[in-house]
Each structure stands twice: as structure tokens, then as C-alpha cells.
Amino acid sequence: MKIGIVGLGYVGLPLALQFARSGIMVLGFDIDPAKVKKLNRGESYIKHISAIAIGEQLQPGRFAATTDFSRIQEVQAVIICVPTPLTKNREPDISYILDTGRAIAPHLAKGALVVLESTTYPGTTDEDLRGVLEKNSRLIAGVDFHLAFSPEREDPGNPNHSIADVPKLVGGFTPACLARAVELYSHAVKTVVPVSSCRVAEAAKLLENIFRSVNIALVNELKVVYAAMGIDIWEVINAAKTKPFGFMPFYPGPGFGGHCIPIDPFYLTWKAREFDISTQFIELAGLINASMPRWVVERVALALDRLGKRGLSGAHVLVLGVALMVGLRLLVNTTQVGRQMRAVASDREAAEMLGINVTFIIAATFFLGSALAGVAGVMSGLLFNQVTNTIGFIAGLKAFTAAVVGGIGSLPGAMLGGLLLGIAESFITGYVSSTYTNLFVFALLIAVMLVRPRGLLGRAQLQKV
Ligand SMILES: NC(=O)c1ccc[n+]([C@@H]2O[C@H](COP(=O)([O-])OP(=O)(O)OC[C@H]3O[C@@H](n4cnc5c(N)ncnc54)[C@H](O)[C@@H]3O)[C@@H](O)[C@H]2O)c1
């Protein structure tokens with residue numbers, strides 16, 4: 001079997017690789033030629049997906065990418081994973097889904113299966129997508145081709161949940177559509193959960209995300225109340241979560257970002273208006289979560305004031321943990337201010353944002369270390385009446401290596417480097433004084449580690465707000 005996956009982003013690419021790993025031929029479609037070129041060269045543009053993972057499926061020919069939508073005719077099933085953002089007026093923008101429908105419809109083979117995975121409001125699959133597919137293909141859904149919805153439950157960068165292990169909901173336009181979709185996903189996912197319609201599957205996905213949005217808002221509200229009372233919300237949550245039933249911990253934050261929580265709940269809000277129903281809970285959660293960045297900024301300004309500084313004016317503020325998820329350099333769906341921020345992923349970058357010139361410190365450490373080691377070499381030569389120049393030179397060399405390894409590498413790496421050089425020196429010189437210079441180099445390594453960016457950052461004036 002050969003399938004097509006349209007939209008090779010955070011959802012589409014891992015899914016494509018998972019199907020390929022399951023032995024299914026996958027043709028990936030994207031409108032972005034740069035992404036397609038990269039994939040066909042075996043390169044990745046998503047941090048938590050390795051080039052090796054792509055190469056493993058590319059080499060045996062189980063996976064390839066293209067921008068040519070006429071190749072839809074080669075596949076027996078098409079899975080759509082394109083974006084579903086909000087418009088600037090905060091209304092659902094399903095134009096990517098409809099554009100995809102128009103692009104694939106003329107090439108759809110009779111009997112093919114089309115599955116939508118993009119998060120959206122109930123009715124998108126069997127109303128909007130079905131409409132463009134039928135209009136542009138002259139095929140009838142449920143008769144000439146199968147149609148289904150299966151929400152993605154991707155948690156980018158989370159190593160504890162693989163696509164294969166997370167149960168997959170599937171809703172079909174007809175029972176036959178459902179059977180085809182269940183059969184397709186069973187190749188790649190351990191547990192497939194059929195539901196009675198596309199709309200139930202669409203609604204279930206929204207429930208999952210609204211549940212998170214509302215609970216995050218609740219704990220954010222409690223954070224503000226408890227902060228005013230001088231109570232630490234984190235301690236409160238840790239205490240509450242010792243209850244083994246009836247409680248699920250959610251954690252406060254300085255706002256909400258990402259692909260899902262700030263967007264998806266409002267797809268339902270918009271659709272509910274069609275039925276003259278207002279979704280007050282969802283809107284209130286959105287309001288509380290959206291007010292968090294301002295609350296945090298006010299607290300920072302207050303903390304700076306208390307420090308006797310000039311408040312926020314001219315202050316450099318380092319925000320840790322601003323990315324969407326652990327280890328991801330992803331700033332998506334943030335506010336205007338958020339878009340002006342620079343995401344950093346290392347201590348070194350963070351230190352540099354605080355105005356600390358890390359390169360200068362490493363270079364200075366090197367020169368200081370070399371000079372001190374030279375002096376030590378001369379001293380040990382004098383003490384033991386040996387060839388001072390040789391020892392001084394070798395000690396300098398070791399200090400250089402120690403400074404470089406210690407400055408940019410890890411403590412074990414630096415220790416190992418120093419040790420190997422010490423052993424080498426003992427063999428070359430055979431001098432007793434090697435022991436003394438080695439001891440000195442070890443002391444130097446420790447000193448170098450202390451001035452690494454992490455140490456600097458720790459000593460920088462950080463205020464917990
Ligand atoms: N990222 C997540 O964690 C996550 C989790 C669950 C659900 N979702 C949902 O999955 C959907 C896709 O999200 P994503 O994070 O993968 O988005 P993304 O922006 O990472 O990727 C979308 C890809 O689709 C491509 N694309 C856009 N228009 C296209 C078109 N007409 N034809 C072909 N390709 C097109 C883009 O070039 C991009 O490569 C959204 O509905 C999102 O809400 C995302």
C-alpha cells in the first residue's frame with residue numbers, strides 16, 4: 001500500500017515516518033519546496049526529529065517528499081495535516097484545509113480514503129472538506145471515495161509518548177469509511193478507537209484541548225489569589241497532588257503558547273455561535289490565560305523597583321522556559337511582544353543575553369591558565385633542578401587544552417583530557433615533576449569549570465517573581 005501525507009510539519013512528518021517504519025510506502029506532500037528538498041536530501045528541519053530517522057526511511061525508498069499534487073493519483077489513502085490557525089479577528093481559518101482539498105481532488109483515485117487530522121470544529125470534514133472534494137473531483141464521498149477524521153495527539157519532543165503508543169480516535173463519514181480508516185491506522189498505531197462519526201472525533205479533540213485550557217486558567221487564577229496572600233502556588237499544587245483520586249495537577253504559567261491551547265478552543269466558540277450558544281467557560285479561560293503575561297511583567301517591574309533600580313526601564317530580563325515545550329526552540333502563537341523575543345537553548349546563549357561575554361571569559365581563562373602553568377613549570381623545574389623550559393611548555397599546552405575543554409565542554413571531558421595529557425607527559429619526560437604539574441592542571445580544570453557560563457549565570461542577580 002502507498003499513502004500520501006499532506007503537510008509535513010510537526011504532525012505530518014512524524015506520522016509519515018511512523019507509517020514508513022511500519023512498512024507502508026509514504027509519499028509526503030508539502031507546498032514548501034525548501035522543506036521537500038531538505039527531506040529528500042535526508043535532512044530534518046524539526047529539532048526532535050533526527051536526520052537519521054528520515055534517512056532510515058528514505059534509503060529503502062519507503063519515504064519521499066514532493067510538491068507535485070498530481071502524484072496523489074499514486075496513493076490509496078491521503079492524510080491531511082495542514083495548519084488550522086485563527087484569522088486576525090480570531091475566527092477559524094480553515095483555508096489550508098480547503099486549499100488542500102482543491103489541490104488533491106482532481107487527482108483522487110476512485111476508492112481512495114481521505115482522512116483529515118488537522119484540529120478543527122465539528123462539521124469541517126463532512127461539510128466543508130467533503131464539499132470541496134466532491135466539487136473538484138466529481139466523486140461522491142461514501143460512494144466513490146472514503147472520508148474520515150482522526151485527530152492528532154502529537155506531543156512534540158515528549159520522549160514518553162510515541163505515535164505508535166498513543167491510542168488513535170477515528171470517525172468515518174459512513175461505516176465503510178470508518179472501517180477503511182481503522183484498517184489504515186492499525187498498520188502504524190497499536191490501539192485504534194473507532195467512534196460513530198467524524199463530528200464526534202472532531203469534538204473529542206476539542207474537548208481534550210479545552211480541558212487543558214480551562215484547567216490551566218483555573219490554576220493561573222489561583223496563582224494570582226495565593227500570591228496576594230503570600231502563599232506559594234507550587235507548594236499548594238504539590239501538596240494537593242498527593243491525593244490519589246479526584247485531582248489532576250495543572251501548573252500555572254506566564255501565558256499560553258503553542259499550536260493548540262490558544263487556538264483550538266475558539267474553533268468551538270465560533271461554531272457554537274451558529275447554534276446561538278455562547279461558550280462562556282472557554283472565553284473566560286482564554287481571558288485569564290491571556291492576562292498572565294501582563295501580570296508577570298507587573299511583578300517583575302515591582303521586584304526591580306524593590307531592588308532600588310529604575311523598574312523595567314533599560315532592564316535586561318532573562319526569561320527561562322519560554323519555549324513551547326522542554327528542549328524546543330519554538331515560539332509559536334505568542335503575542336506581538338513574544339515574536340520580538342529571541343529563544344535561547346543553552347546556558348551560554350542565556351549568559352550572553354545578560355551581557356556576559358562568554359568568549360572573552362574563555363579566552364581570558366586560557367591566557368591566565370597558560371601563564372600560571374608556565375610559572376608552575378618553571379617553579380617545579382627550579383625545585384627539582386630539571387629542564388624547566390620543556391616542563392613549562394608542556395604544562396602550558398595542558399593548560400591550553402584544559403581551558404578549551406573546560407570552557408566549552410563538560411567537567412568529565414576536561415578531567416579526562418587533563419589526565420590523558422598528564423599520562424602522555426609522564427611517558428615523554430619521565431620526570432618526577434610531572435606529578436606536580438598534573439596536580440596543578442587538575443586544580444586549574446576545577447577553576448575553569450567554576451567560570452563556565454553556568455557558574456556565571458548562577459551568580460547573576462536572578463529574582464524569583
Ligand atoms: N503541533 C502539534 O503539537 C499539534 C498537535 C495536535 C494537533 N495539531 C494540529 O495539526 C495540524 C498541523 O499542525 P502542525 O503543528 O503540524 O503545523 P505545521 O505548521 O508544523 O505544519 C504544517 C505543514 O503544512 C504545510 N502546508 C500548509 N498549507 C499546505 C497545503 N495547502 N498543502 C500542503 N502542505 C501545506 C506547511 O508548509 C507545513 O509544512 C493543525 O491543525 C494543528 O492544530 C498540532
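Predicted model: local features only at pLDDT ≥ 70, side-chain atom pairs only at ≥ 80, totals over all residues.
Residues are numbered from 1 along each chain as its sequence is written.

Two terms come first. Strands (E, at least two residues) and helices (H or I, at least four) are DSSP runs, numbered from the N terminus. Two strands pair if DSSP finds at least two bridges between them. In general, strands of a sheet pair through backbone hydrogen bonds, either parallel or antiparallel.

**Stop 1: β1 and β2**

Click on G4. Its bridge partner in β2 is L27. Now click on I5, whose bridge partner in β2 is G28. Next, show helix α1 (residues 12-21). Together, β1, α1 and β2 make a right-handed β-α-β unit. Right-handed means that, with the strands pointing away from you, the path from the first strand over the helix to the second runs clockwise.

How many residues of β1 are buried? Four of its five are. Buried means that 20 or more other C-beta atoms, placed from the backbone, lie within 10 Å of the residue's own; exposed means 12 or fewer, and partly exposed is in between.

**Stop 2**

Select strand β4 (residues 77-80). β1 and β4 pair in the parallel sense over four bridges. I5 turns up again here, standing opposite I79 in β4.

Show the side chains of β4. In a regular strand the side chains alternate between the two faces of the sheet. Here, A77 and I79 point one way, V78 and I80 the other way, and all are buried.

β4 and β5 pair in the parallel sense over four bridges. The bridge partner of A77 in β5 is L113. From β4 the chain passes through α4 to β5, a right-handed β-α-β crossover.

**Stop 3: the whole sheet**

Show every strand. Eight of them form an open sheet with mixed pairing, in the order β3-β2-β1-β4-β5-β6-β7-β8. Which strands stand at the edges? They are β3 (63-66) and β8 (192-195); each has a single partner strand, so one side of each is left without a neighbour in the sheet. On average, neighbouring strands are turned by 25 degrees against each other, direction ignored. The axes are lines fitted to C-alpha atoms, for helices over the stretch in contact, and angles run from 0 to 180 degrees between N-to-C directions.

Four bridges join strand β7 (residues 168-172) to β8, and the two run parallel. L169 stands opposite V193 in β8. The chain crosses from β7 to β8 through helix α6 (residues 175-186), and this β-α-β crossover is right-handed.

**Stop 4: around the ligand**

Select the ligand. It is surrounded by 26 residues, and the closest are G7, G9, Y10, V11 and S118. A residue counts as near if its C-beta atom, placed from the backbone, lies within 6 Å. Helix α4 (residues 95-104) gives the largest share of the shell, three residues.

**Stop 5: helix α7**

Finish with helix α7 (residues 198-228). At 1.5 Å a residue, its 31 residues should span 45 Å; the end C-alpha atoms are 46 Å apart, which agrees. The expected span is 1.5 Å times one less than the number of residues.

Select C198, which lies in α7. C198 is buried, with 29 other C-beta atoms within 10 Å. Last, find G230, which follows α7 and has a positive phi, near 75 degrees.
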